[in-house]
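User: I would like to go through this structure by question and answer. Please keep it plain.

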Amino acid sequence: MDKILLTIFLAASFCMFGCDGGGSQKACVNPAYCYKTTDNPNKRLCDLDKAVAETKAKQAEEAGILHTPVYEDCWDF
C-alpha cells in the first residue's frame with residue numbers, strides 16, 4: 001500500500017512541477033477535500049464535496065479521532 005501511495009505522490013509531484021524544473025504548476029481541475037484520523041493516520045479520507053468532508057471531519061473531531069483538519073488536495077493524475 002505504501003508503494004502505491006508513494007507512486008501516486010510522485011506522479012502528482014511531476015504533474016504539479018513538470019519535468020523542466022521550472023516550478024510551473026497546473027491548475028487543479030478536480031479538487032478533493034481530505035482529512036486523516038488517528039485510528040489510521042497514514043490514510044487520507046477524501047470527498048469531492050467540501051461540505052461532506054467538513055461534516056465527516058467534524059464527526060471525527062467530536063469522536064476524538066481527528067488527526068488532521070480538512071485540507072485541499074487534487075485528484076488530477
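User: Which pattern do the disulfides of the protein chain follow, with bonded cysteines counted along the chain?
Analyst: This is a predicted model, where local features need pLDDT of at least 70 and side-chain atom pairs count only at pLDDT 80 or more, while totals for chains, interfaces and linings use all residues. Residues are numbered from 1 along each chain as its sequence is written, and side-chain values use heavy atoms, with hydrogens and water left out. A disulfide is a pair of cysteine sulfur atoms within 2.5 Å, and a search of the whole structure finds two. Counting bonded cysteines along the chain, the pattern is 1-4, 2-3.

User: How many residues apart in sequence are the parts that the pair Cys28 and Cys74 ties together?
Analyst: The sulfur atoms of Cys28 and Cys74 are 2.1 Å apart and form a disulfide. The link is right-handed, with 105° about the S-S bond. Helices (H or I, at least four residues) and strands (E, at least two) are DSSP runs, numbered from the N terminus. Cys28 lies in the loop between α1 (2–17) and β1 and Cys74 lies in strand β3, so the parts tied together are apart in sequence by 46 residues.

User: Is Cys34 buried or exposed?
Analyst: Cys34 forms a disulfide with Cys46, the sulfur atoms being 2.0 Å apart. This pair links distant parts of the chain, with Cys34 in strand β1 and Cys46 in strand β2, twelve residues apart. Buried means under 20% relative accessible area, exposed over 50%, and partly exposed in between (1.4 Å probe, protein chains only). Cys46 is partly exposed at 28%, whereas Cys34, at 0% relative accessibility, counts as buried.

User: What is the handedness of the disulfide of Cys34 and Cys46?
Analyst: The handedness is read from the torsion about the S-S bond. For Cys34 and Cys46 this torsion is about 110°. The disulfide is therefore right-handed.

User: Which pattern does the protein chain follow, read along the sequence?
Analyst: The secondary structure of the protein chain comes to two helices and three strands. Read along the sequence, these follow the pattern α-β-β-α-β.

User: What is the bridge partner of Tyr33 in β2?
Analyst: Strand β1 (residues 31–37) pairs with β2 in the antiparallel sense over four bridges. A hairpin of two residues joins β1 to β2. Thr37 stands opposite Asn40 in β2, and the bridge partner of Tyr33 is Asp47.

User: With the side chain of which residue does the side chain of Thr37 make a polar contact?
Analyst: Thr37 lies in strand β1 and counts as buried at 7% relative accessibility. Neighbours within four places in sequence aside, Thr37 is in contact with Leu45, Ala60, Ile65, Leu66 and His67. A polar contact is a pair of N or O atoms within 3.5 Å; within protein, one must be able to donate a hydrogen and the other to accept it, and residues adjacent in sequence count only if both atoms are side-chain atoms. At 2.3 Å, the side-chain partner of Thr37 is Asp39.

User: How is Arg44 classed at 27% relative accessibility?
Analyst: Arg44 is found in strand β2. Leaving aside neighbours within four places in sequence, its contacts are Cys34, Tyr35, Lys36, Tyr71, Asp73 and Trp75. At 27% relative accessibility, Arg44 counts as partly exposed.

How values were computed. Pairing = 2+ DSSP bridges. Contact = heavy atoms within 4.5 Å.
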